[in-house]
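We will go from stop to stop, selecting a few residues each time.

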Amino acid sequence: MTEKIAIQTKNISKRYVIGTKNSKPNTLAGEIINFISTPIRNFKKLRSLSNNTTDNTKTIWALQDIDLTINEKEIVGIIGSNGSGKSTLLKILSKITIPTTGEALINGKVGSLLEVGTGFHDELTGRENIFLNGTILGMNKKEVEENLDKIISFSGVSNFIDTPVKRYSNGMRVRLAFAVAAYLEPEILIIDEVLAVGDSSFQKQCLGKMDDVAKSGRTVLFVSHNMESIMTLCTRVIWIDEGKIIKDGDPVSVVNEYLETTNTISETNINLENINKRGGDGSIKFTNLTIMDKNQKEKTQFNIGDTLNLSISLKAIEKGLLNSNLTIKILIKNQNNTTVLSFNNESYNHFIKLDDKNNKIQFSIPKLPLGQGLYSISLEVWVNGGKADTVGDVGVFESTPGDFIGNGIPDQEHSLFHTNSVWS
Amino acid sequence: MQKISANQNSFFKFKELINYKDLLYFLVLKDIKSRYAQSVIGIGWAIIQPVFFMVVFTIIFGRLAKIDSEGVPYAIFSFCALVPWTFFANGVTDSTNSLTANIGMITKIYIPRLLLPISAIIGKGIDFLIALIILVILLFYYQINPGLKVLYVFPLTFLLIISAFGIGTILTTLAVQYRDIKYALPFGIQILMYSSPIAFSSSMIPDKYQTLFAINPMVTVVEGFRYSFLGTGTINTNMIIASLVGAITVLLISLYYFTKTEKSFADVA
């Protein structure tokens, strides 16, 4: 028996228009002309959002020539770093957006879950929201009614089912929303990273439900950063980077190869100027990141408990912008792409004011508390409340067994974190 | 087998809307329930808006400005116009905001997006029905018997609904990309109100401006409502047909524009 095709894509590409920062005039007359012509410029900018502009400097290809054939009953995991085009692919297959070129053929009823609780309304009760959300997801009233009792008991909020959801805690909302989605029974199920919500027992419940779905003979497309669940659930994994398929095959080998390339130790002195994947309006850019030890010696291997020093350089397109109120965020993520540490200067009441010559920030973690493994560094800069630049997973360092407590004996136990403790 | 590509051209997917009829029902329910949730008077607010305007108009235009109400009490003269007008104004406003107020339903899931302006119009239709009941009560109070002319209300209501839906659909499509629409709308509605015969009768407009005046679809509706309930005003079948042709043309253009633009909603919203 030949297997039936559920999804087939032919050369799908998707182009997006990105915002480009306008250069600002520095004379009063220029400022006035600039002010008067703002509506015209705004109009051109807004119109270009839907028009097919050919100006390549203002566009980005989120997907390029994706050719895929997915058979019925396959459980396909899609992996890749942030901004690689995974979600765009799911959006195209869910009919939310159309490809710029190419086409996709879909055989069967599609149910997609890119967000939990789409259309939830605060003033409606839990029960009413089940019906609203269920019909948004593509069920009809009868199907929701048939599953109503199961949905309510799966959600675990049965006591509050006739209370408006605005009285719910965040966790309760998510549980209710996921419960509705869990009883969606399409032939093809498309799921974006939605399992990263709720507490761990609920996540287990969700993964169990996913497993049931997978075994019930439906076709599933599933984006996740959690490599463990990808490997246990999927029968096939596709790795996408910068809008292209890098590898497509059996879960273990694709995931391993992905982890190897993404989490190799980086250089100690990293030039950030030429990174293409970045967010923010670009008014300020990161130019360099240097990873060092306590003696300011460049290094990417640290023992647990060592001092980690970072030196971050920035540059502004506009003169004097570095002298504004800057907020720098530093995120450290583990191999599962989970943020394990997050820092920003505001919470330390440290104000950062730089200028074009003095453009470096020094950051230090005096005692590295992270367990053995590889960690990546992501940076964000905000100026006057607006996001100026973000670069993800730029530097990678390794944490190796060390003497966190300082008693001269290297720690041998494997644990994710280390901290001081008091015994009596 | 479904096909997804850049050059799909389907004008109006009626069958798809039918498949989602249960969603339409719950969207309307959400619209009505959320509007009157946590309020003491609840759905009573549907009555208060036109009644309040009636009182204000009666005092200012009826008593102070002494505007001619063609032989019927000014209160019912203005209320008869306010019932369709309130539906039109609120229907256009709600359907214009329907897409931008439900961004999540556009960017995170696929539903036939036309359901959003449709549900906004239906939601306001409930208010319209309640206001009509008040109008009937007022007719009894003033002992006015409309007679068979009242049947004109059916084609007029149809005209009213497709005018509001057509205009709302064009505006909501524009509003996804240009948020200016949202800010310009309230005073656009105000201007339209003063250029409709709500507080006055269209016989007060000089003859040479009558044609220009009649471009506004609400002129036929309002004058028609007065004619069928109160017997005042001038309306004939030709005027209704002309307005219907105009409104259906606008509706078809709006549906064409909506389906053509719908493909890029998720990218620009």
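Select helix H4 (residues 74-97) and helix H10 (residues 217-230), both of chain B. Their axes come within 9 Å and cross at roughly 135°. An axis here is a line fitted to C-alpha atoms, for helices over the stretch in contact, and angles run from 0 to 180 degrees between N-to-C directions. Helices (H or I, at least four residues) and strands (E, at least two) are DSSP runs, numbered from the N terminus. H4(B) and H10(B) are therefore oblique to each other. The cut-offs: under 35 degrees is roughly parallel, over 145 roughly antiparallel, 65 to 115 roughly perpendicular, and the rest oblique.

Now show the side chains. On H4(B), the contact residues are B:Ile76, B:Phe77, B:Ser78, B:Cys80, B:Ala81, B:Pro84, B:Trp85 and B:Phe88. On H10(B), they include B:Met218, B:Phe225 and B:Arg226. Contact means heavy atoms within 4.5 Å. By class, this contact of H4(B) with H10(B) has 13 nonpolar residues, one polar and one charged. Ala, Val, Leu, Ile, Met, Phe, Trp, Tyr, Cys and Pro count as nonpolar; Asp, Glu, Lys and Arg as charged; the others, Gly among them, as polar.

A word on the model: it is predicted, local features need pLDDT of at least 70, side-chain atom pairs count only at pLDDT 80 or more, and totals for chains, interfaces and linings use all residues. Residues are numbered from 1 along each chain as its sequence is written, chains are lettered from A and ligands numbered from 1 in the order in which they are written, and side-chain values use heavy atoms, with hydrogens and water left out.

Move to chain A. Select helix H6 (residues 170-182) and helix H7 (residues 200-215) of chain A. They pack at about 5°, with their axes 11 Å apart. H6(A) and H7(A) are therefore roughly parallel. A:Val174, A:Arg175, A:Phe178 and A:Ala182 in H6(A) meet A:Phe202, A:Gln205, A:Cys206 and A:Lys209 in H7(A). Five of these residues are nonpolar, one is polar and two are charged.

Next, show both chains. How many residues does each chain give to the contact? Chain A gives 44 and chain B gives 34. About 3,500 Å² is buried between them, 62% of it from carbon and sulfur atoms. Buried area is the accessible area (1.4 Å probe) that two parts lose on being put together, summed over both. In chain A, A:Lys95, A:Ile96 and A:Ile98 lose the most area to chain B, together 18% of what that side buries.

Select A:Lys95 and B:Glu16: their side chains form a salt bridge (3.6 Å, N to O). The term means a side-chain nitrogen of Lys or Arg within 4 Å of a carboxyl oxygen of Asp or Glu. Four salt bridges run between chain A and chain B. Over all chains, the structure holds 19.

Last stop: B:Asp267 and A:Lys14. Their closest N and O atoms are 2.6 Å apart in a salt bridge. B:Asp267 lies in helix H12 (residues 265-268) of chain B and A:Lys14 in strand E1 (residues 5-17) of chain A, so the pair joins two chains.
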